[in-house]
Each structure stands twice: as structure tokens, then as C-alpha cells.
Amino acid sequence: MKTGIVGLPAPPLEHVRWIDESGDERGPLSLAELGQGFRILYFFQDWCAGCHAHGFPAFVTLAEKFKGVGLAAIQTVFEGSDVNTFDRLRENQRRYGLRVPFGHAAANSTSTEIVPAIMEAYWSGGTPWFVVIAPDGSVVYDGFGLDVESLVTAPKLFIR
């Protein structure tokens with residue numbers, strides 16, 4: 001199965017239930033609300049060991065080093081729906097000290113889809129998964145294993 005949509009326009013953030021930077025539930029979030037510069041999405045699951053061991057630490061580093069970059073975390077529930085719940089968003093937001101929007105995306109229980117629509121839109125292969133969107137709206141990275149240290153040492157990538 002092919003994953004990632006590098007080079008294509010970033011799809012809208014649809015079928016996601018959100019909390020804001022303070023942990024309060026909010027309405028839909030658009031990519032434009034994350035700013036006009038670079039934006040980074042982090043797909044995770046609460047029960048994903050790799051998400052906590054590698055993904056969240058990388059996301060925290062991005063949040064600390066790139067203040068002008070729009071960030072959002074989305075729990076993509078493609079398994080373990082009894083554990084990967086909406087309530088876990090605020091717990092993870094607090095645990096990692098992240099003041100960014102967090103979303104919860106689950107597969108539609110009335111359809112035959114087994115993954116959330118947002119995963120299909122970005123052709124995500126699982127979690128932890130990162131998506132980097134350029135100011136022009138195109139996806140420039142979409143996959144596992146984002147090399148955060150390379151981004152941190154080359155900040156010109158995020159300055160326009």
C-alpha cells in the first residue's frame with residue numbers, strides 16, 4: 001500500500017473532534033487557523049508505545065524550537081477505540097505541556113471503513129506519523145520517522 005501524499009495539496013482537517021490549546025472542546029479546526037507558514041500535524045494513538053517514546057518527544061521539540069510553526073496533534077483511532085478515547089486528548093496535552101490543538105479522529109462506525117477519514121486523506125500508514133505542510137499548502141513530508149534534529153539544525157526551512 002502506498003503511503004503519504006508528498007507534493008499534493010494538504011486535505012482539510014475533516015471528521016475530527018477538537019480541543020483547543022487550553023483543553024476546552026471547540027468546533028472544527030482549519031489548516032488556515034494554524035497559520036500561513038509551515039504547519040505540522042502529528043498523528044498518534046494514546047496506547048502507542050512508539051508515539052510516547054519517540055513521536056511525542058519529537059513533537060515537543062518542534063513546539064519548543066519553532067514558535068512560528070502551526071502545530072496540531074490528532075489521535076487517529078484505527079484500533080483500540082476503548083482505550084484511545086477523546087478524554088485522552090487532554091491527558092496527553094497536559095502530560096507533554098503542549099499548548100496546541102488536539103483532535104480525535106475515529107473510523108465511522110456506520111461505514112465499512114476501518115481507519116479514520118483523516119488517515120485516508122493523508123494516506124497515513126499508522127502512528128506515530130508526521131505531516132509537514134508548506135506555506136503554499138502542499139505536503140512536503142508525510143510519514144514515519146521525521147528527522148527532528150535535522151529540522152532543528154536547519155531552521156531556514158521554516159523561515160520565509
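**Reading the labels in this model**

Reader: Why is Glu-33 called partly exposed?
Author: Its relative accessibility is 46%. Buried means under 20% relative accessible area, exposed means over 50%, and partly exposed lies in between (1.4 Å probe, protein chains only). Glu-33 at 46% therefore counts as partly exposed. The model is predicted: local features need pLDDT of at least 70, side-chain atom pairs count only at pLDDT 80 or more, and totals for chains, interfaces and linings use all residues. Numbering starts from 1 along each chain as its sequence is written, and side-chain values use heavy atoms, with hydrogens and water left out.

Reader: What makes Glu-33 and Arg-26 a salt bridge?
Author: Their closest N and O atoms are 2.9 Å apart. A salt bridge needs a side-chain nitrogen of Lys or Arg within 4 Å of a carboxyl oxygen of Asp or Glu. The pair therefore qualifies. Arg-26 has a relative accessible area of 26%, so Arg-26 is partly exposed too.

Reader: How many salt bridges does the structure hold?
Author: Four. One of them joins Asp-46 and Arg-88, at 2.9 Å from N to O. This pair links distant parts of the chain: Asp-46 sits in the loop between S3 and H1, and Arg-88 in helix H2, 42 residues apart.

Reader: Is Asp-46 buried or exposed?
Author: Buried, because its relative accessibility is 11%. Arg-88, at 28%, is partly exposed.

Reader: Why do strands S2 and S7 stand at the edges?
Author: The open sheet has seven strands, in the order S2-S1-S5-S4-S3-S6-S7, with mixed pairing. Strand S2 (25-26) and strand S7 (139-143) each have a single partner strand, so one side of each lacks a neighbour in the sheet.

Reader: What makes S3 and S6 a pair?
Author: Two strands pair if DSSP finds at least two bridges between them. S3 and S6 have five, in the antiparallel sense. So they pair. Arg-39, for instance, has Ile-133 in S6 as its bridge partner.

Reader: What makes a set of residues a nonpolar core?
Author: Its members are buried Ala, Val, Leu, Ile, Met, Phe, Trp, Tyr and Cys residues joined through side-chain atoms within 4.5 Å. The largest here has 29 residues. Phe-59, Leu-62, Leu-98 and Phe-102 have the most contacts inside it. H1 gives the most to this core, with seven residues.

Reader: Which residues does Leu-62 touch?
Author: Ile-40, Leu-71, Phe-130, Leu-146, Val-148 and Leu-151, not counting residues up to four places away in sequence. Contact means heavy atoms within 4.5 Å. A second, separate core of 19 residues includes Leu-13, Ala-72, Trp-129 and Ile-133.

Key: Helix = DSSP H or I, 4+ residues; strand = E, 2+ residues; numbered from the N terminus.
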